[in-house]
Amino acid sequence: MLKSTSPALLLVLLLAINVNAQFAKCNDYNDTDAINSSLCTSVKVPLNHNAPDNDSIDIFIRKFSALKKRAGSIWLIPGGPGESGASLYPLITLFSETFPHLDIYIPDHRGTGLSGKICPKEESVDSPNGIALANDEWGSCFNHMYTNTPYVQAFSITNAAKDLSFLINDLSGSGKRYVYGVSYGTQLIMRLLQLDNTSLDGIILDSFVPLQDDTNYDLSHRSFIVNEVGNSVLKRFETLISQDDNSLTSQLKSIIEKSKTEPEFVEKLPKQELSILFGMMLDIPKVRNKIPLIIDALSHENVEPLNDALKEIEEFYKDYGNDYKSSPSSIPLVQIISSSENNLRPTLKPKEVVAESENLLFTSILPKIMADNAMPTYQKDNYFANVPKSMPPTLILHGTLDPKTPLSGAINHFNKLPKDNPLNLIKIKDAPHFIALFAPESFSSLASKFVNGEPIKSILISDNDTLLK
């Protein structure tokens, strides 16, 4: 550890340590086809980039060499907060084929994966349950957080952005430099651009986050966002299928009311609230498209299609990205960043969340989790809710039925960005959150054109994998 060192001297020392950082064969507890050709390294960065006395932490980076003659690099920034680079490993073939002339770098955010953790002991790969907290690890982790507040407060978006700047400037090598981010990753990239110390040839923003001061779209309002998308889905289906009796909306209202008032019906249902379960279905197009069938079955007290859908959701997430011991999200990091910067109603009580979502047909569990948070938080800084002074060429890809980062919030954010370079916002019809995952053909076509400097004219495109059918 480096201690009692001025920020300027610390940076010089860290540069001296890291400038010759060598990527080598990975030894990170993984052995899967998706990553067996990758190289790995770990570099030290300041724990707090602005602190007068500072420790350092390690940041893990995985590299995939260009498939063809190298022309530069692209950094893939995972979402979250809390998700590690492992959330993008299952898509490495897509990214490699989309960017064949670029070296691909995938870092683990501070606090995630194989990088330095908020609870180093409990979130260690070598702990009894691996990175994920389990059993009595929750208590000891929380105790560590409350007794090491300055350490915990260093896990901020701005410090993570400064990590990213340090890595890009130190490790990218020659040639053009691009950055791709999804969801929270787009927020982190926007913070990186505010630092104004990293030269980039272009950025790709997948599922662009709203501005942090947009009071309609912070995390405490997530259920309203989910419900708006859910109702849009129902209306679309109502125009596609013949309704002999009640509309899908009316049927779902009756079913949810019945799930609250009729004990015999409740006994047949899963323990989770129906509105939350229907909200979960919006994330995966193949499951979302079964909503009319599920509603019809539930109206006849047949829960089999619902249970099948929930099993399909569980299997999807089990199959996606869980081959890696660095996959589990960091719940402490999620809570700290979300509570510090992305929840505009920190005093909201759980009972208030229940009351305001009482009549919603589609909801999210997130507002309940965030309500009345008692986790340590850090102070917002001058970067909060601001935009960069300048933007590199930018491609924004966003689904029209995104229940997590709403399209209208993305458009509001886009409209406030400086347009000193070309900025394109492309809407993918009926796509949910995470275009690279759920609309890969559209993503690959558009992203490839972007890095090759080809014009992109369409502002709304259709993707066969995501269309309501």
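User: How do α7 and α8 pack, angle and distance?

Analyst: Helix α7 (residues 222-240) packs on helix α8 (residues 248-261) at about 130 degrees, with the axes 9 Å apart. Axes here are lines fitted to C-alpha atoms, for helices over the stretch in contact, and angles run from 0 to 180 degrees between N-to-C directions. Helices are DSSP runs (H or I, at least four residues), strands are E runs of at least two, and both are numbered from the N terminus.

User: What does that make α7 relative to α8?

Analyst: Oblique, because of that angle. Under 35 degrees counts as roughly parallel, over 145 as roughly antiparallel, 65 to 115 as roughly perpendicular, and the rest as oblique.

User: Which residues make the contact?

Analyst: Leu234, Phe237 and Glu238 from α7, plus Leu248, Thr249 and Leu252 from α8. Contact means heavy atoms within 4.5 Å. By type, four are nonpolar, one is polar and one is charged.

User: Is this experimental or predicted, and how are residues numbered?

Analyst: It's a predicted model, with local features needing pLDDT of at least 70 and side-chain atom pairs counting only at pLDDT 80 or more, while totals for chains, interfaces and linings use all residues. Residues are numbered from 1 along each chain as its sequence is written, and side-chain values use heavy atoms, with hydrogens and water left out.

User: What's buried in α7?

Analyst: Among them are Ile225, Val226, Val229, Val233, Leu234 and Phe237. Buried means under 20% relative accessible area, exposed over 50%, partly exposed in between (1.4 Å probe, protein chains only).

User: And what covers those buried residues?

Analyst: The cover includes α8, α10 (274-281), α11 (285-288), α12 (291-299) and α16 (366-370).

User: Switching topic: where does serine 254 sit?

Analyst: Serine 254 is in helix α8, and at 46% relative accessibility it counts as partly exposed.

User: Which peptide bond is cis?

Analyst: The one joining glycine 80 and proline 81, with omega about 0 degrees. Proline 81 is in the loop between β4 (72-77) and α2 (92-98).

User: What about phi of aspartate 196?

Analyst: Aspartate 196 isn't a glycine, yet its phi is positive, about 60 degrees. It lies in the loop between α6 (184-195) and β7 (202-206).

User: And serine 207, where is it and what's its phi?

Analyst: Serine 207 has a positive phi too, near 65 degrees, and is found in the loop between β7 and α7.

User: Are serine 207 and aspartate 196 buried or exposed?

Analyst: Serine 207 is buried, with a relative accessible area of 0%, whereas aspartate 196 counts as exposed at 60%.

Definitions and conventions:
Ala, Val, Leu, Ile, Met, Phe, Trp, Tyr, Cys and Pro count as nonpolar, Asp, Glu, Lys and Arg as charged, and the others, Gly among them, as polar.
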